[in-house]
Amino acid sequence: MKPGKSCRHAATLLALSAVCTLALHAQAPPGPAPAQHPWDDRSLSPDRRADLVLKEMTLEEKIQLVHGSGWGALRPGDPIPPGDNWGAGFVPGIERLGIPGVNLQDSAVGVRLSAMMGRYSTLLPSTLGAASSWDVRGAQLYGDVIGRELRAQGFNMSIGGGIDITREPRNGRNFEYAGEDPLLAGSMVGNLMKGLQAEHVMGDLKHYAFNDQETGRNIYNAVIDRRAARESDLLAFQIALQIAQPSAVMCSYNRVDGDYSCENDWLLNRVLKQDFHFKGWVLSDWGGTHSTLKAALAGLDQEMPGDQYFGAALEQAVQDGRVPMSRLDDMDHRILRSMFAAGIIDHPVMPRDVLDPFRGRDDAQHIAEESIVLLRNEAGILPLDPGTLHSIALIGSHADVGVLSGGGSAQVDAPGGNAAGAHPGGANWGETVYFPSSPLEYIREHAPNAKVGFNPGTDPAAAASFARSADVAVVFVNQPMHEGMDRPSLSLPDDQDALVSAVAAANPHTIVVLETGGPVTMPWAQRVSGIIEAWYPGIGGAQALANLLFGTVNFSGKLPVSFARRDADLPHPEVTGMNLRPVPQQITFTRDGHTLTRTIMAIAPFEVDYNRAGAAVGYKWFQEQHIQPLFPFGFGLSYTTYAYSHLTVDGAGRTATLTIRNTGRRAGTEIAEVYARLPVAAGEHYERLAAFGRVQLAPGESKTITLDLNPLCLSIFNVQADAMQEIPGRYDILAGPSSAYTPLVATIRR
Ligand code: BGC
C-alpha cells in the first residue's frame, strides 16, 4: 500500500505514463465551463445540486464514485486513469455530467510526495507544534498553506486532518495530531480544515476512531465505554466537525468494541452521521475496508484504494437488494454534495500553478514562532544577548544543517534532499529527514560578533569538552517519529540523555532544544538552564528558533500535551502490544478462484484497554491520580509575566470574563486557559478545558477578555439518554496560565 522503498522503482514506469497523461490533461482549456446542467446553478444548495446529478447517474457511475485507486493504477498492469494526479488516491469523475475526478493527497504537515513529480511543498511545523500556539487563526493559516499548495499541484482533496488525541504519548503519529485535549484539538484541527476548505479543496478528519497508537493498528481492538468515548476522542471529532463541516472523515484501521472502525455501525451511522449530523462521506483508511455488506450498511461510503469490496461486489449486492439502492444513493449523494459544498466543481483545480515557496516559508516561520514552547529559563539565561556573548557551542541533531521532520505518510520531501545526507529523490519510508533550515546559520546571523561552532554530539565526552569553554552551550536533541511505529518509551533515543548530562556537567549555561514528535522524559531537567520544545518546527524553524532564542520574538506557545516524569506514570506503562511476539496463525485467501489456507507467523489480535484512563486523558489522568507531571498541559513561559484577575461567569454560564495584565517589561501574547470542574454527580476527579484565548499585551497593559465556554465541555454523556447533557449542581469555573495553575475561581449553579 505504501510507496516505500520497495515500490518506488516499480512506480517509476507508471509515473512516466502518468506524466504523459497529465500533460494531455493539462491542455484542457482553462476557466470555468459554461453552464450546461441544471446543477451548475450555484444558487441551489449543495444537497439539491447533488440530487440533480444523482438522478442522471447510471448504476455503473454510482459504483465508480465509491472506490478509487492509489498512487496510480487500480490494479497492477492497469492503465493510469486520465486525470489522475499521482497522489495517494484518485476517484475518476463523470465527464458526461461535468463531475471532476477527485485527486487526494496526504498533506498532514505539507503536501506529500512532491519529489516524485519534481515539485516543491512547504513543510509546516508539526500539527502538534501548531497546536501549541492555541491560535485558531494560525490554524486557519496552516490549512490555507496546505490548501493553496494542493491546488497549485492539481489536487482537490487533502487527506490530512489528523485529530486522534494523545492517549498514548509514545504513539509515532502524535506529531500529526493536535494534542490530548478534545477542545484544543477539535478547535485547532477544525480551524485548520476551515482554512483549507476556504481554498476550495476538500478536507477530511482522521483516523476515526481510537487509532491512538500505531502498534498493532490493524489488529487491535480498542475497548472503551460509551461515556468515556464520547467525552474524549469522539468529542475532539465532534468539535472539529462543528467548526469545519469537512467533506469527509477517514475511518481507522483498528477495531472499536469488536468491530473494525470502517464497518462499525455505532461509530459511523449512530455517532458520526446521526448524532454529529455529519453530511460528508466516510472513506476507509488505505486498505481499511474489510467487507461489502457489513461496511456498506454500517455507514462506510467509499473504499480506498481498490475495488475489492465497493466495486463489482457492491454492484452485485445492490442488484440483489442486499444493499438497498437508497444506501448507494446516499453514498454518492454525500460525495457529490461535499464536492459542491467545498467548491471543487465551481472552482476546478486546473490549470496548475507554480506555488509561492517564499509565502509558504514565511507562513511556516510565523506558525513556528507561535508554536515553540519555553519550558525552563533559569536565572534569565534567555534571551541570549549578542552584545555580551563571545562564544556559543551548538551541539547535536544536525543543527549545523537543518531541522527534523516527521515521517510516514506525513513526510514532506525536503528541497535538495535530506539535509543530513542528501540522496536524490524523495524520502524513503521511515527515513529520518532533516530540512535545510540551519540553526547554526541563523544563530550566527543574530550573534555576528560571537564565535558560533558546531559539534555533532555523537560522542558525549567530545561534546562536553567542546562546550566547556563556551559562554553558552545549546544542545539539540531529537526524537524521530513516523507512522507505523511507536516509541518503546518516553526516553530520548540514542542515549541523548547522556549527551545532555555530559554537556550540562561541563557548562552551567546549557540550553536544550528538543525536536520531538511528542512528550519525552528529561532526567537532566534540573541540571540545565534552559529548555525549549521546538517540536518539528518546519522549513522556517531555524529562523523562528533564532528569533526566539535572541528575543526578537517573544515566546507564547503552551504545551498541548502533558510531559510525564516517567513511563510508569502513564495509564499504560508500556505501549499495549509492543512486546507481543508472533505466533503461528492460519490465514485463508483466494487465488485463481481457489480458497487456500496457510499458516503464517503473526502477532495475534489483542485488546487495548482504553477504559483504564477512560475520558481522563493527559492532564485529567495526572489530576485524577494525583501524579505530578514534569511539565503540565497548558504550560509555557515567556520573556514577560502576566497577572490574572476579576474572573466572572455570566448568569447563564455561557461565557467567562477575566482580566490579564502584562506585569513585565516586554510585549507578549498570553494564552488564557479556562477550566471547569463539574458537579460532584459527574463523578470526575479532574478539570476540563472549557475555553481559551490569546491576548496580546504591551508592557503594563491590561485587557479584559470574554471567552465562550464550550457547552460540550460542561456536559457529560448520559448513556441512558444517549445524549450529551449538562447536569444540575455546582460548577467551578477556573482560570489561569496552565492546567496546573488556575488561581481564579468563579462558581455557577445549574
Ligand atoms: C495512513 C493514512 C494515509 C493513507 C494514505 C495510511 O497508511 O494511515 O493516514 O492517509 O495511508 O497514505
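Q: Hello! I'd like to begin with two helices: is the crossing in which H2 passes H12 left-handed or right-handed?
A: H2 passes H12 in a right-handed crossing. Keep in mind as we go that this is a predicted model.

Q: What is used to describe two packed helices?
A: Such a pair is described by the angle between the two axes and by the distance between those axes. Here, helix H2 (residues 46-56) packs with helix H12 (residues 325-342) at an angle of about 130°, and their axes are 8 Å apart.

Q: Let me try another pair. At roughly what angle do the axes of H13 and H17 cross?
A: The axes of helix H13 (residues 357-371) and helix H17 (residues 541-549) cross at roughly 40° and come within 8 Å. H13 and H17 are therefore oblique to each other. As for handedness, H13 passes H17 in a right-handed crossing.

Q: Now the backbone. What should I know about phi and peptide bonds in general?
A: Most peptide bonds are trans, and most residues other than glycine have a negative phi. Let's look at some departures from that. The peptide bond from Tyr-208 to Ala-209 is cis, its omega being near 0°. Ala-209 sits in the loop between strand E4 (204-208) and strand E5 (220-223). From Leu-382 to Pro-383 the peptide bond is also cis, with omega near -5°, and Pro-383 belongs to the loop between strand E10 (373-377) and strand E11 (391-395).

Q: And what is phi of Trp-86 near?
A: Phi of Trp-86 is near 60°, a positive value in a residue other than glycine. You can find Trp-86 in the loop between helix H3 (59-64) and strand E1 (89-91).

Q: Let's turn to the ligand. Which residues around the ligand come nearest?
A: There are 15 residues around the ligand, and Asp-106, Arg-173, His-207, Asp-285 and Glu-483 come nearest. By kind, the shell around the ligand divides into 8 charged, 5 nonpolar and 2 polar residues.

Q: How far is an oxygen atom of the ligand from an N or O atom in the side chain of Asp-285?
A: That distance is 2.6 Å for Asp-285. For the side chain of Tyr-253, an N or O atom is 3.0 Å from an oxygen atom of the ligand. For the side chain of Arg-112, the corresponding value is 3.4 Å.

Q: How much of what the ligand exposes when taken alone does the protein bury?
A: Taken alone, the ligand exposes 310 Å², and the protein buries 99% of that.

Key: Residues are numbered from 1 along each chain as its sequence is written. This is a predicted model: local features need pLDDT of at least 70, side-chain atom pairs count only at pLDDT 80 or more; totals for chains, interfaces and linings use all residues. Side-chain values use heavy atoms; hydrogens and water are left out. A residue is near a molecule or strand if one of its heavy atoms lies within 4 Å of it. A polar contact is a pair of N or O atoms within 3.5 Å; within protein, one must be able to donate a hydrogen and the other to accept it, and residues adjacent in sequence count only if both atoms are side-chain atoms. Accessible areas come from the Shrake-Rupley method with a 1.4 Å probe; for residues, only the protein chains shown count as cover. Ala, Val, Leu, Ile, Met, Phe, Trp, Tyr, Cys and Pro count as nonpolar, Asp, Glu, Lys and Arg as charged, and the others, Gly among them, as polar. Axes are lines fitted to C-alpha atoms, for helices over the stretch in contact, and angles run from 0 to 180 degrees between N-to-C directions. Helices (H or I, at least four residues) and strands (E, at least two) are DSSP runs, numbered from the N terminus. Angles under 35 degrees count as roughly parallel, over 145 as roughly antiparallel, 65 to 115 as roughly perpendicular and the rest as oblique. A crossing is left-handed if the near helix is turned anticlockwise from the far one by less than a right angle, and right-handed if clockwise.
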